[in-house]
Amino acid sequence: MNSTDASRCAEEPGRFAPQIDRGACEAKADCVRVCPYHVFEIRPLAPEQKRGLSWVGRIKAFAHGGKQAFAVHAEACHACGLCVKACPESAIRLVRV
């Protein structure tokens with residue numbers, strides 16, 4: 001990520017937060033790579049999160065090692081949308097906090 005990419009993130013942090021569709025995320029980590037504010041991490045799903053998935057979501061999670069992207073530092077999000085554009089599954093959207 002270079003400084004020109006980060007300069008597109010003009011929103012004040014904490015006004016928006018990434019919301020990840022658990023049924024769509026395949027833990028490919030594109031969001032981790034593009035976010036200039038280190039909002040995302042790939043982590044294992046907790047058992048209660050796995051139980052909340054659809055049948056297709058459970059298959060996807062199993063195929064990807066039971067891991068998904070998490071917005072562990074959502075308060076640092078500047079709503080630039082780089083993660084939304086980078087996600088190959090379109091599993092991320094930005095919501096106003």
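Where does His-38 lie? I located His-38 in the loop between helix 2 and strand 2 (40-44); helices (H or I, at least four residues) and strands (E, at least two) are DSSP runs numbered from the N terminus.

I noted that the model is predicted, that local features need pLDDT of at least 70 and side-chain atom pairs pLDDT 80 or more, while totals for chains, interfaces and linings use all residues. Residues are numbered from 1 along each chain as its sequence is written, and side-chain values use heavy atoms, leaving out hydrogens and water.

**Positive phi**

I found a positive phi of about 55° at His-38, which is not a glycine. His-38 is exposed, at 60% relative accessible area (buried is under 20%, exposed over 50%, partly exposed in between; 1.4 Å probe, protein chains only).

I then looked up Ala-27, also not a glycine, and found a positive phi of about 60°. Ala-27 sits in the loop between strand 1 (16-20) and helix 2 (30-34). I recorded Ala-27 as buried because its relative accessibility is 19%.

**Ala-76**

I placed Ala-76 in the loop between strand 3 (67-71) and helix 5 (82-86). Leaving aside residues up to four places away in sequence, Ala-76 touches Pro-13, Tyr-37 and Val-39 (contact: heavy atoms within 4.5 Å). I also read a C-alpha separation of 8.8 Å between Ala-76 and Glu-12, which are 64 residues apart along the chain.

**Ile-59**

I traced Ile-59 to helix 4 (residues 55-63). Its relative accessible area of 46% makes Ile-59 partly exposed.
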